[in-house]
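Let's take a walk through this one together. Keep the 3D view open and follow along as we go from the big picture down to single residues.

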Amino acid sequence: MATQAEKTSIREEEIPLKTIKAIKFSILSPDITRSLSVMEITTSETYDEAGRPMVGGLMDKRLGVVEPGARCETCGNPPDKCPGHFGRIELARPVIHVEYSKYVHDLLKTTCRECGRILLTDDEIEKYRRRLEKLRIRWKLLADRLIERIRKKAMERTVCPHCGAKQYRVRFERPYTFYEERENGVLERLDPMKIRERLEKIPDSDLELLGWDPKAARPEWAVLTVLPVPPPQVRPSIQLETGQRSEDDLTHKLVDIVRVNEKLRTAIESGAPSSVVDQLWDLLQYHIATYFNNELPNLPPVKHRSGRPLKTLAQRLKGKEGRFRGSLSGKRVDFSARTVISPDPNLSINEVGVPIDVAKMLTVPMTVTEWDLDLARQLVLNGPEVWPGANYVVYPDGRRVDLRYFRDRRELANKLAPGFIIERHLINGDIVLFNRQPSLHRMSIMGHLVRVLPGRTFRLHLAVCPPYNADFDGDEMNLHVPQNEEARAEAKTLMLVQNHIITPRYGGPIIGARQDYITGGYLLTKKDTFINKEAIVYLLAAAGYDGDIDEPAIMYPKELWTGKQLISMLLPKDLNWIQSTAIRESCKDPYNCYTDEYLIIVNGYMAAGVLDKKSIGAEQVDSLWHVVVKRYGNSYARKWVDSILRSLVRFLDLRGFSMGIDSLEMPPESYRELDKLYDDSEKKVLEYIQKFKEGKLEAEPGLTIEETLENDVTIELSRVREAAARVAEKYINKDGEAYIMAKTGARGSIVNITQMVAMLGQQTIRGERFKRGFSGRTTAHFEPGDLGPTAKGFVRNNFKVGLTPLEFFFHAAGGRDGLVDTAVRTAQSGYMQRRLINALQDIYVAYDGTVRNASGSIIQTKYAEDGIDVSKSDHGKLNLDEIFRRAGLSR
Amino acid sequence: MAETKSMGPQEDLNNVLVQLAKILPPRIIDDLRNRLSNMEITKEQLANLTRILVNEYYKMLIDPGEAIGIVTAQSVGEPSTQMILRSFHFAGLREFSMALGLPRMIELVDARRKPSIPMMMIYLDEEHRKDPNKAQEVAYKVQLTTIENVTKSVEIDYINSQIIIEIDKNELNQRGLSMEDVRKVVERIKGKGARVEIEDNVIRVTLEEADIIKLRRVRDKIMQTRLAGIKNVKKSLVRYSERDGEWIIETEGTNLEAVLTIDGVDYRRTISNDIHEVAEVLGVEAARTVIMRELKKVLDQQGLDTDLRHLMLVSDVMTWTGKVRQVGRHGVVSEKESPLARAAFEVTVKNLVEASIKGEFENFRGVVESVLAGKYIPIGTGIVQLLMEFE
């Protein structure tokens, strides 16, 4: 095998392309190991004095080559074609494969030490075999359970039913030592050689009962007699700047193994005392064990010279950065870009603004045809520096030309003919995938159409922030360019933003207006807003409206339109809709409400109400926006939201909207009221405490007296805060920006306003009032045992007035606790989601409407009992109202 | 059904509904029947309505190949990240019960043996559900009452080796018990060589040759003895349920098996929040429903909207084998057919080793396996295969 005749180099085309159909897992037998190997490693030296690989060493060229220019001595190929060839180390004495030691132990416990038969009677064997055969066909899990039972049963036997030999208990000491416990309690070491002999005796038929597949895994193969040595492709050495070679961890480990193996062999051959042999044998076992896994229990990990533990085989596979999760499930990709995002309300929600520098780097392969020949020529002529140009030209024969280093582009352009492929720059209208991490749901990666823009940031429409959970405080996003027609077609039809307006989570729009759009909608549509001709033309133009302008609401002395009229012009003419608004307070009947608390749309005419979060906001079900998407389809909805939102933001621009301290103005009497509220409440709390100290407080069922007090105080204090919130809402300037934003749902809530103008309320750590600090008190400013509001972190002041130093401290501590909590829980929920995904990812809807997993087992006979896809439904339902309406049967 | 209508259209309507029932799910049929029974409708209108309805229903049906598992996992997982973000906005402000929320959700998905706060919702039968007092009677039968609960004071007379317990008669009456009950219980547990005397509401237990430590031990034992109620049920609370419009009992601590046998309890609706207990007492189907409801409860309480269908699939995946399995390496994932899929999740090496012993096959039928091998994913658009005939 080692003397394979030198072959000529294989051409790439000759390497057959194959896809994996199936993999069978098994244990490498010594025979296979030997036939796989091209050579035996005989020396622990890797290089000679001249720096050439030693023949018979670990870097022998017969194992394959990685350095450019070298030729493999086995297959004769250069490094890029040589796949590498395994070698082997013939071990002087067998050693146990650590990862199998637990299973070897199981076998030793369940089989006879003399005859190797399973410790069951023939009847039992027959019974179990028949049962197992039946279970294996269909009920794999039950078969596993039966095997477990068989093992338990066999373990209980102390006398072999076949040869009558007495069984000793086999003790296993992790990771690889076995002892036999004799009657007198003496432990006798079972060395790998003895173990191997015992395992060899177990007949195939008995192994099957114990869950082993003897064809794939004879148990004696778990005791190694020959060790496969992976080719250098698996363990490449790297050249340091100093010219020194640095070997891979695996090579280091293999050198250790070869060295000890040599020593052991000479010791045996020279007839050294058995203690010396055993010591070396054990050392060999240790090195081979750590070669497989360097994180074994009860074994010190092998360390590099620097003290860093070596990364051996198991470590390469394991964990997040391991082969499975790090290299095979997730890969680095080309044709992608990442930069900061910023908003652009003038884009469509379907679009993404791509910086011109990015557009010049990312390319799309374009096959030259006779119809786009002229375009292709121009692109090649423009080259890599001028947008729109091209970066590469691929000849029909597969040759690639990098235009950056190509002198005569004109000549190349003229040579272009159908069949050439040019890799052209990204241009407007190209479809790309846009993504923001963490990618928690499918709307975290959506297809956008490119709009090349000046600047250095990706631009996106504000309405698509909710699905990405993006804001512009420095967020970065990734962009990927699909490279073939299939990918582009899928991106365009399945992933385009407009097809994800409705989330599959609850069947409502997740894309929609937020913040300024909502303020704008409210301010535009409220009753006292009038727009002059100039403005309405401007706003309609911004919306891209090209119809007639309705008759103004006021003709004289000046033509004025209402905001509702403007919206009406942009609404579909057959739309009828009634819903409650976010500013609704007391109105019950939509038809008898004169304060715009219900939104009423009659035949596309906005008769009453205002636009706010409830009607055009993101994540609002059964809203105007939801109805538009459902009734008119994704494409129309996209155009509608593009135009109406553009108009709203322009209106807000014209009007102006900024929040200042003046929007938080409160009359003096409100402060008197707040003071009184607090004083009363404090008195009450102190009363509770007094009662508690006098021992008059009665414990509530299930609580101690202390807990009862704490509970009462907490309830009282949160009551004040709520009362303060009511005071704040009563006195706050209703036309102030803060209140408008809170009320319409644009940003913030009444709670935030209360905190700014009235009272912050109780600060908590882990949901409780402050209790840590000095013994019996939180800070040195209080008497020990003070249970009053201020001593336990109640903040009676507001942000506008300012906090006292103590209050400030409590607030900061409470805020920090919140941050820590967030960090901890993010990790928890991330792991939960990973597990959910891993458990459910194979589940799909089959052609027959059943829900199945990867094995084809039916999990639901009809998806969710009614077969309705949430993302196509109307908030999870089939909307009968809507169907009756369409059948002309409504109301 | 309205009697005023003529028989003709009524029969037509029923016929149509029967026909529709073959296509549409029962919930929609019921809804439809309700609506139609209150309105006059012509034959043409009905035909038109049916056409639109069936059309719309078919449009809403889920597409074959849809990777519904991933959609579901995301729809359940994504809101769980928001549970944190939302509370962050009110940094430091007081929040209500932390027992629910993310920890509870993880507990459910993990299929933990015991919930951190085990609870039961006990529904009552016709007789008891209308009246809070009668409900309270049942509640007393349910709630674990120890002697300690009805004791006013306990003393130990070390000289005479006597334990003196004064019982609070009010408490006793309130719980529907009598001194006779107490006596029986105390006598049963007093053990050897002890005398029990009862006068009025004072119980004296006299022990022979007892040291201080033994006296104390006996006292504690007596105090912890069950007088009435059910083991494990620590607290019970009678509450009016707005949703059901009746009085129900909520308990802390569960013992479903025992509660279901109590008179006055509606054993059809009474439920516990302990998945494993429900699976044992009522069966997997019930456990599936409990998982679904509990998940929904957590999400609702956090103000998060997730369609029930997703929770349905999660609980189906956890229970379809007939046993409640955890979503994770000891449950659903460990029972996957593909060794590579298991290795790619957690405990990589162990899974590979075991696969080799059993001589397992990797057939690349799932998602991760296919990704690992660089194959097309057999789900979604990848489910489609074309057969082309070459001339």
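Predicted model: local features only at pLDDT ≥ 70, side-chain atom pairs only at ≥ 80, totals over all residues.

Chain B gets its own division: domain 1 (7-60), domain 2 (62-115 + 274-335), domain 3 (145-228) and domain 4 (339-383).

- Chain A has an average pLDDT of 90, and 98% of its residues score at least 70.
- Watch out for residues 1-7 of chain A, where pLDDT stays under 50. The model has ten contacts beyond four places in sequence for that stretch.

**Overall shape of chain A**

- You'll find 26 helices and 28 strands in chain A.
- Is chain A more spread out than a compact globule, or less? Its radius of gyration is 38 Å, well over the 29 Å that the globule rule gives for 891 residues, so chain A is more spread out than a compact globule.
- Along the principal axes, the C-alpha atoms of chain A fill a box of roughly 120 × 100 × 65 Å.

**Distances between domains**

**A three-stranded sheet in chain A: E3-E4-E5**

- This open sheet has three strands in the order E3-E4-E5, with antiparallel pairing.
- Strand E3 (169-173) and strand E5 (187-190) of chain A are the edges, each pairing on one side only.
- From one strand to the next, the twist averages 35 degrees.
- E3(A) and E4(A) pair antiparallel over five bridges, and A:Glu173 sits opposite A:Thr177 in E4(A).
- A hairpin of three residues links E3(A) to E4(A). A:Pro175 is in the loop between these two strands of chain A, and a cis peptide bond joins A:Arg174 to A:Pro175, with omega about 0 degrees.
- Strand E4 (residues 177-181) of chain A also pairs with E5(A), antiparallel over four bridges. Here A:Phe178 has A:Leu190 in E5(A) as its bridge partner, while A:Glu181 stands opposite A:Leu187 in E5(A).
- The hairpin of E4(A) and E5(A) has five residues between the strands, and in it A:Gly185 takes a positive phi near 85 degrees.
- Lying across E3 and E4 of chain A is helix H2 (residues 101-110) of chain A, which runs at about 170 degrees to E3(A).

**Another sheet in chain A: E21-E22-E23**

- Here again, three strands make an open sheet with antiparallel pairing, in the order E21-E22-E23 of chain A.
- Which strands are at the edges? They are strand E21 (577-580) and strand E23 (605-608) of chain A, each pairing on one side only.
- The twist in this sheet averages 20 degrees from one strand to the next.
- Strand E22 (residues 598-602) of chain A runs antiparallel to E23(A), joined by three bridges. In this pairing, A:Ile601 stands opposite A:Met606 in E23(A).

**Backbone details in chain A**

- A:Tyr556 and A:Pro557 are joined by a cis peptide bond, with omega about 5 degrees. You can find A:Pro557 in the loop between helix H17 (533-543) and strand E20 (560-562) of chain A.
- A:Asp622 has a phi near 50 degrees, a positive value in a residue other than glycine. To spot A:Asp622, look in the loop between helix H19 (613-616) and helix H20 (624-655) of chain A.

**Where the two chains meet**

- How many residues of chain B are in contact with chain A? There are 95 of them, touching 91 residues of chain A.
- Helix H4 (residues 68-88) of chain B gives the most to the side of chain B that touches chain A, with 15 residues.
- That side of chain B has 52 nonpolar, 20 polar and 23 charged residues.
- The bridge partner of A:Lys24 in E11(B) is B:Phe361.

How values were computed. Residues numbered from 1 in each chain as written. Chains lettered and ligands numbered in written order. pLDDT = per-residue confidence, 0-100. Contact = placed C-beta atoms within 7 Å. Pairing = 2+ DSSP bridges. Axes fitted to C-alpha atoms, helices over the stretch in contact; angles between N-to-C directions. Nonpolar A, V, L, I, M, F, W, Y, C, P; charged D, E, K, R; others polar. Rg over C-alpha atoms; globule rule 2.2 N^0.38 Å. Domains from an automatic or database assignment.
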